[in-house]
Amino acid sequence: EPFHFGISFHPDPHVANYIYLAYFERRTESVIQTSLMPTFVSFLWIQGRCAEDLYKGIQSSDAGVLCDSLKELAGVSKDVTFAQEFISRDGYLLLVKIVEDSNESNLIMMHTLTAFMQLMDHGIVSWENLSSVFIKKIANFVNAKATDESIQQVSLDILENMVLSSHSLFLQVKLEVTMERLIAHLQVTNQQIQTKAMALLMALLQTAGDADRQEMFVFLNKKNLRQYIYKNIILSSGLVQDEMAHYLYVLQSVTLNSLEVRMRMPLDCYSQEQRDILHALRQAAFETDSENSLSHERRRSLCAKEFKKLGFSNNSNPGQDLVRTPPGLLALDTMHYFLLIWDEFNRQDKHECPFARSSIQLTLVLCEILRIGEPTSETGSDYHPIFFSQDKLLEELFCVCIQLLNKTWKEMRATQEDFDKVMQVVREQITRTLSSKPTSLELFKNKVNALNYGEILKLRQTERLHQEETLAPPVLELKERLKPELLELIRQQRLNRLCQGTMFRKVSSRRRQDKLWYCRLSPNHKMLHFGDIEEDAENPPIETLQDKIPVSDIKGLLTGKDCPHMKENKGKQNKEVLDLAFSITYDVEEYSLNFVAPSRTDFCLWTDGLSVLLGREMSSESMRSELEILLSMEIKLRLLDLENISIPDNAPAIPKPPTNYNFCYDFSHNEQ
């Protein structure tokens, strides 16, 4: 039968039937040889005929034919060759007209929008060619309260692409789409709608200029955007998917980076507003209400004395302490925010913590931990749930951590000379606590205060003892003997991981695409299978992956900026994307298969596994870390019987042989 004949070398039933027809209609023309059937069957002609039939089908007045044609079009439009054939006939304009007329059923409209999105995603047609009528129709699908969810999902995707394609389209979409509706989409239970709404919202924020972005932040804060995200996404029972995690990271990064201007701006000693804030700090600390009755010299002397008590290095001109950037004016902002809970620092003793100096350095530490000022990564997904529980995360963290610093200072009975040591401990307390992903400020406060100086010392001592134990010469010698066996174990694990496969996301300089593809190694380690998949396909069978590369054809492994897809987008990729990129070259290095790993862990697993297949040594940091963990575990197991016994650096000396062996007992005499 036609279908079964063609499906053996093409997964789409519609195209498979055309392959069958093409073979039997043109077999006498010597264009196609039977021996080449499984690999190439005049593919352009087949796709052209398929495009022509579907082009006619979507012009049919029969709703059934129209619906079936659009459904098939949505499926085959993923193929770039078909897309070129269909677009060359101006087929996409027919889809635009269907949307602009909006006379069809929801099912037909859903297939129309899906097919349109698939065609546009190839980059053959510019988004700027679309009419304002079309944009308004798509925006209406998003703004409408009673619209089919599938239509809304694709419409949100289309608008995101428009925003990222040009500034003029950004302005049109910003004008047509209401922020209230985007926030409303975040409150639904459909995770796909939530994700697409977040994607559009982040596209608008990232594309906007500084003034527009600030205006949007003010509006979104008034509408309690973070509270809705916290309630409906962070605290929801469902698992946060990778795509949503990325957009949560983007919102966190873009919001925190709005503080960069203040962080990089030094204090202006001639600014009356800034001088007033400095004196407000002093007055809140010492409550000097009667200073107005003092003479100018006396008041100046008193101010200098009080600024010195506050911990400013330059007490006569405290503004000089805030000239260094970062943290710049951000340190002044955090100290000013802390005024309401000042009492903790108003109790002086011989272990007094220098408040101003501590605040400036703590603000810098928090900026580094929260990565304020760093560019937003195209692949990042490391967000802090606590960010969405607070409108002013930096200031609230500062209020908790400055009290923690004062507490740690007293626990360490520190003096001014110990300042750097105290800051190292506080940084460790904050970093360890945030790594546990607390979901609220109260939870963070409880955890970070429980991790006191004594606990930090215990953790450090445990790590130090472990390091000392593993550095003894006999232990090092034992490690070297164990390494080959453990390296072989890691090699097998890497190959098994490649056999399981990984889902990769297509990333370009234009946008973080939601197109996915999967790659996995065959069980016999001879073929690398890959192909496009849908987002809900967690572990696709190897038979569904249409393309494959023989491992014997792989000629090389490239990473970072040496990869072809990184060279094509030179200057447009940030460091994080470069660190996740790798490629394999095959067929005499004329072709390459390009990857951007979803995480650094996946990058290490794949580059190690491919190195094993190529007969090379594994070199990733993940391999070194895992080898060290396995060695440590093996060493601990072998040293269990030597607990509390010190291991000498050198093996015991072998004693000299005895002068005679008269002490030996002769069993033979006893037996007689």
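Me: Why is E306 called buried in this predicted model?
Reply: E306 has a relative accessible area of 6%. Buried means under 20%, so E306 falls in that class.

Me: What makes the pair R282 and E306 a salt bridge?
Reply: The side chains of R282 and E306 meet at 2.7 Å, N to O. The cut-off is a side-chain nitrogen of Lys or Arg within 4 Å of a carboxyl oxygen of Asp or Glu, so the pair qualifies. R282 is in helix α17 (residues 272-286) and E306 in helix α18 (residues 296-310), 24 residues apart, and the pair links distant parts of the chain.

Me: How do you know whether R282 is buried or exposed?
Reply: R282 has a relative accessible area of 1%. The limit for buried is under 20%, and therefore R282 is buried.

Me: Why are E368 and R427 called partly exposed?
Reply: The relative accessible area of E368 is 41%, and R427 stands at 32%. Partly exposed lies between the buried class, under 20%, and the exposed class, over 50%, so both residues belong there. Their side chains meet in a salt bridge at 2.4 Å, N to O. That pair links helix α20 (residues 355-369), which holds E368, to helix α22 (residues 419-435), which holds R427, across 59 residues.

Me: What makes R432 and E428 fall into their accessibility classes?
Reply: R432 has 31% relative accessibility, whereas E428 has 17%. With buried set at under 20% and exposed at over 50%, R432 is therefore partly exposed and E428 is buried. The two side chains form a salt bridge (3.0 Å, N to O). Both residues lie in helix α22, 4 residues apart, about one turn of the helix.

Me: How many salt bridges does the rule give?
Reply: The count comes to 25. E52, E85 and R89 are linked in a network of such bridges.

Me: Why is S253 called buried?
Reply: S253 has a relative accessible area of 9%, and buried means under 20%, so the term applies. S253 sits in helix α15 (residues 242-257). Beyond its neighbours within four places in sequence, S253 is in contact with E374 and T376.

Me: Which residues have the most contacts inside the largest nonpolar core?
Reply: They are M162, I229, L362 and I430, in a core of 138 residues. Helix α21 (residues 393-411) gives the most to this core, with 11 residues. Leaving aside neighbours within four places in sequence, I229 is in contact with L186, M198, I234, L248, L251 and F388. A second, separate core has 42 residues, including L521, F530, A581 and I635.

Notes. Residues numbered from 1 in each chain as written. Predicted model: local features only at pLDDT ≥ 70, side-chain atom pairs only at ≥ 80, totals over all residues. Heavy atoms only, no water. Core = buried A, V, L, I, M, F, W, Y, C linked by side-chain atoms within 4.5 Å. Buried < 20%, exposed > 50% of the residue type's maximum accessible area, 1.4 Å probe, protein only. Helix = DSSP H or I, 4+ residues; strand = E, 2+ residues; numbered from the N terminus. Contact = heavy atoms within 4.5 Å.
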